[in-house]
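Me: I would like to learn how to read the features of a model, one at a time. Could we look at it together and go through them in turn?

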Amino acid sequence: MKFAAQAACAIGWLWLAGCTASGPRQEAFGETGPGQVELEATPFFPQSEYQCGPAALATVLAAGAVDVTPDELVPEVYLPARRGSLQVELVAATRARGRLPYVLAPRDDVLFDELAAGRPVLVLQKLGAGPWPGWHYAVLVGYDRERQSVLLRSGTTRRLEMSVRRFLWSWQRGGRWAMLALEPGELPAGAEMDRYVDAAAGLEAVGRLDEATRAYRSASLR
Amino acid sequence: MIFFRRFIASILCMTVLNLSSPLVAQAGVIGTLQAVESQHRTADLATVNSALARDQVRAQLGAMGVDATQVDSRVAAMTDAELRSLAGEIENLPAGADALAVIGIVFLVLLILEAVGVLDIFKSFP
């Protein structure tokens with residue numbers, strides 16, 4: 001009986017904590033910027049089982065005019081024994097395709113700045129808990145201040161609308177990891193130059209010298 | 001007699017105190033060759049560690065079902081730092097798979113247990 005009471009209190013507290021932890025979400029969208037963004041032109045590749053990694057990566061690469069399909073990415077990022085894809089391999093596969101993998105700073109507003117600049121963002125979410133952590137890659141393609149929601153290309157859903165609070169919670173639980181696949185030389189919205197130069201150095205380290213040069217040149221002109 | 005004992009005791013006390021002398025830092029000028037060699041050593045260690053990590057990741061990817069023809073190109077697309085952080089951690093890192101729809105009380109209970117730290121034991125759950 002006592003345990004049940006304690007469990008009920010714990011559940012109640014957590015539920016309330018979930019309510020209060022958000023507060024007004026206006027500031028997550030940033031002070032300035034459009035009230036609504038939807039990158040409708042972003043391609044959509046419905047994922048097959050366990051293949052959200054290839055599908056999500058193909059989406060952001062194709063949005064940047066790289067000719068690729070999820071099937072082509074499976075042998076580059078899918079790990080059969082883990083039945084999924086690792087973040088570092090998504091970064092590596094982006095490099096192998098001649099794009100600059102820019103991992104964003106782990107802050108909420110950064111996501112929406114990139115969307116406002118017209119770039120879809122590849123995100124990692126933790127949708128589950130415990131023995132089923134529910135790691136999932138999706139592509140952020142829009143947001144709506146008034147509806148307090150975000151839009152994702154996720155799984156087999158072309159246009160998934162999710163409350164911004166729930167999305168940011170799943171993103172935070174996943175470590176706030178998000179990535180852009182930039183054209184080498186193209187700078188992100190809130191370009192943090194040390195991050196950008198690190199990414200350019202990564203291209204150089206794996207032998208993509210032409211792309212690295214273009215990236216370094218852009219960085220130096222800033 | 002008592003005076004003698006006290007005398008010996010105080011001599012011994014002073015002796016023990018003197019045994020613990022303060023540490024003296026040694027500083028001096030080292031030759032250029034020594035400085036350069038120590039830098040080489042650091043660089044050599046990094047090279048060796050990276051080579052080890054590269055081999056380790058290559059083996060682990062193969063063991064996890066990656067096709068032998070693909071392993072080399074996947075490893076070649078990663079930087080040394082990435083390989084070093086990956087080696088040995090492939091089992092534990094997040095592997096994005098599916099859009100999970102875990103709902104309801106089960107999810108909430110799991111979440112509480114995870115927050116409290118009880119669910120660390122499930123790390124190796126298949």
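Me: Which elements of chain A do the buried residues of helix 5 of chain A pack against?

Reply: Some conventions come before the case: this is a predicted model, in which local features need pLDDT of at least 70 and side-chain atom pairs count only at pLDDT 80 or more, while totals for chains, interfaces and linings use all residues. Residues are numbered from 1 along each chain as its sequence is written, and chains are lettered from A and ligands numbered from 1 in the order in which they are written. Helices (H or I, at least four residues) and strands (E, at least two) are DSSP runs, numbered from the N terminus. A residue is buried if 20 or more other C-beta atoms lie within 10 Å of its own, exposed if 12 or fewer, and partly exposed in between, with C-beta atoms placed from the backbone; two residues are in contact if their C-beta atoms, placed in that way, lie within 7 Å. In this structure, the buried residues of helix 5 of chain A pack against strand 1 (36-38), strand 5, strand 6 and strand 9 of chain A.

Me: Which residues of helix 5 of chain A are buried?

Reply: Leu111(A), Phe112(A), Glu114(A) and Leu115(A) are buried in helix 5 of chain A. They cover an arc of only 155 degrees around the axis, which puts them on the same side of helix 5 of chain A; the arc is that of the directions from the helix axis to the C-beta atoms. Just after this helix, Gly118(A) has a positive phi of about 90 degrees.

Me: What are the buried residues of helix 6 (residues 164-173) of chain A?

Reply: In helix 6 of chain A the buried residues are Val164(A), Phe167(A), Leu168(A) and Trp171(A). Their arc around the axis is only 95 degrees, which puts them on the same side of helix 6 of chain A. They pack against helix 5 (108-116), strand 5, strand 6, strand 7 (149-154) and strand 8 (157-163) of chain A. Gly175(A), with a positive phi near 95 degrees, follows helix 6 of chain A.

Me: How should I read helix 7 of chain A, and which of its residues are buried?

Reply: Begin with its span, for which the expected value is 1.5 Å times one less than the number of residues. Helix 7 of chain A has 13 residues and reaches 18 Å from its first C-alpha to its last, close to the 18 Å expected. Its buried residues are Tyr196(A), Ala199(A), Ala200(A), Gly202(A) and Leu203(A). These cover an arc of only 150 degrees around the axis, which puts them on the same side of helix 7 of chain A, whereas Met193(A) and Asp194(A), on the other side, are exposed. The buried residues of helix 7 of chain A pack against helix 4, strand 4 (100-103) and helix 8 (209-221) of chain A.

Me: Why is strand 5 (residues 121-126) of chain A largely enclosed by the rest of the structure?

Reply: Six of the six residues of strand 5 of chain A are buried, so this strand is largely enclosed. Val121(A), Val123(A) and Gln125(A) point one way from the strand, Leu122(A), Leu124(A) and Lys126(A) point the other way, and all are buried.

Me: What are the pairing partners of strand 5 of chain A?

Reply: Strands of a sheet pair through backbone hydrogen bonds, either parallel or antiparallel. Here two strands pair if DSSP finds at least two bridges between them. Strand 5 of chain A pairs with strand 6 of chain A in the antiparallel sense over six bridges, and Val123(A) stands opposite Ala138(A) in strand 6 of chain A. Strand 5 of chain A also pairs with strand 9 (residues 178-182) of chain A in the antiparallel sense, over two bridges, where Leu122(A) has Met179(A) as its bridge partner.

Me: Which strand of chain B is joined to strand 3 of chain A?

Reply: Two bridges join strand 3 of chain A to strand 1 (residues 95-96) of chain B, and the two run antiparallel. Ser85(A) stands opposite Gly96(B), and Leu86(A) stands opposite Ala95(B).

Me: How many residues does the contact take from chain A and from chain B?

Reply: The contact takes 41 residues from chain A and 32 residues from chain B. On the side of chain A that touches chain B, the largest share, seven residues, comes from helix 4 of chain A.
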